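These are my notebook entries on a single chain. I record below what I looked up, entry by entry.

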Amino acid sequence: MSIFKRILAKLKKWLHKHDGGERPVSTKGRGVKFENKLFFPIIIAEVNQGHTVTINLKGRSMRPFLESDRDKAVLTRVGDPRVGEPRVGDPILAEVQPDFYVLHRIVKMEGDEVTLMGDGNLGYEHCKKQDFRASVIGFYRKGSTKLDSVDGRKWRIYSWWWTRLRPIRRYLLAAYRYIWLNIFRLK
């Protein structure tokens, strides 16, 4: 059985158990959307079994490099030899609070304490190393079928520049949002 079918079967099983009251599901637009607190534990279980999982990205916290409903992330288990142990600058899926998951960049690690920040955010999240749930191998951006690896030259150059522009990030993000996106509408 494919990973997609296993994940879908687990989600359907959960829905049958919780058929009364509020459902953590939305069918607005294309496809079915599940809340993160339901979706990510199943994805994490698949990753921990050694599978590689590709997910559609949601939210604006990784702008301007990654866009919601356009780009995809390829996840693997933490410490996978393809990406090594997480280090500063790497994107990571972490559970920063119970049932609250973020896919953000590691900006600081001191012992077990970790500080995360989305590229499109101005604030930080904090967690511990044991809160890491999955590492990112790379991203499919702008509908491309070619993976942008997090170990690739393109990602490393982008990461180096963007992390050093933190003092003026607020202005760059405003220009991106109000000028760039209005000129080049996202598909």
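Is Leu-66 buried or exposed? I worked from a predicted model throughout. I found Leu-66 to be buried, because its relative accessible area is 2%, under the 20% cut-off. Leu-66 sits in the loop that runs between β3 (53-56) and β4 (72-76). I also looked up its separation from Asp-119: the two are 53 residues apart in sequence, and their C-alpha atoms are 8.8 Å apart in space.

I listed four helices and ten strands. Read from the N terminus, the order of elements is α-β-β-α-β-β-β-β-β-β-β-β-α-α. The chain has 187 residues, of which 40% are buried.

My search of the whole structure returned twelve salt bridges.

Arg-82 and Asp-80 meet through their side chains at 2.9 Å, N to O. Asp-80 is buried at 5% relative accessibility, whereas Arg-82 is partly exposed at 47%.

Asp-151 and Arg-87 form a salt bridge at 3.4 Å, N to O. Asp-151 belongs to the loop between β10 (148-149) and α3, and Arg-87 to the loop between β4 and β5 (91-97), so this pair ties together parts that are 64 residues apart in sequence. I noted both partners as partly exposed, Asp-151 with a relative accessible area of 39% and Arg-87 with 36%.

Glu-113 and Lys-128 have their closest N and O atoms 2.2 Å apart in a salt bridge. This pair links distant parts of the chain, with Glu-113 in strand β7 (residues 113-117) and Lys-128 in strand β8 (residues 125-128), 15 residues apart. Glu-113 is partly exposed at 41%, and Lys-128 is partly exposed at 31%. I then checked for shared partners: Arg-87, Asp-90, Asp-151 and Arg-156 are joined by salt bridges into one network.

How many cavities of 30 Å³ or more does the structure hold? I found one. The volume of the largest cavity is about 40 Å³. Its lining includes Val-83, Gly-84, Asp-90, Ser-135 and Val-150. By class, I recorded five nonpolar, two polar and two charged lining residues.

I located a nonpolar patch formed by Ile-157, Trp-160 and Trp-161, which together have about 350 Å² of accessible area. Ile-157 is part of helix α3 (residues 153-164). With a relative accessible area of 42%, Ile-157 is partly exposed.

Notes: Residues numbered from 1 in each chain as written. Predicted model: local features only at pLDDT ≥ 70, side-chain atom pairs only at ≥ 80, totals over all residues. Heavy atoms only, no water. 1 Å grid on protein atoms, 1.4 Å probe; cavity = no way out; pocket = protein on both sides within 12 Å on 5 of 7 lines; lining within 4 Å. Points joined across faces, edges and corners; volume = space filled by probe spheres on them. Nonpolar A, V, L, I, M, F, W, Y, C, P; charged D, E, K, R; others polar. Patch = residues over 30% accessible without salt bridge, like charges linked within 9 Å, V, L, I, M, F, W, Y side chains within 5 Å. Areas by Shrake-Rupley, 256 points an atom, 1.4 Å probe, with all protein chains shown as cover. Salt bridge = Lys/Arg side-chain N within 4 Å of Asp/Glu carboxyl O. Helix = DSSP H or I, 4+ residues; strand = E, 2+ residues; numbered from the N terminus. Buried < 20%, exposed > 50% of the residue type's maximum accessible area, 1.4 Å probe, protein only.
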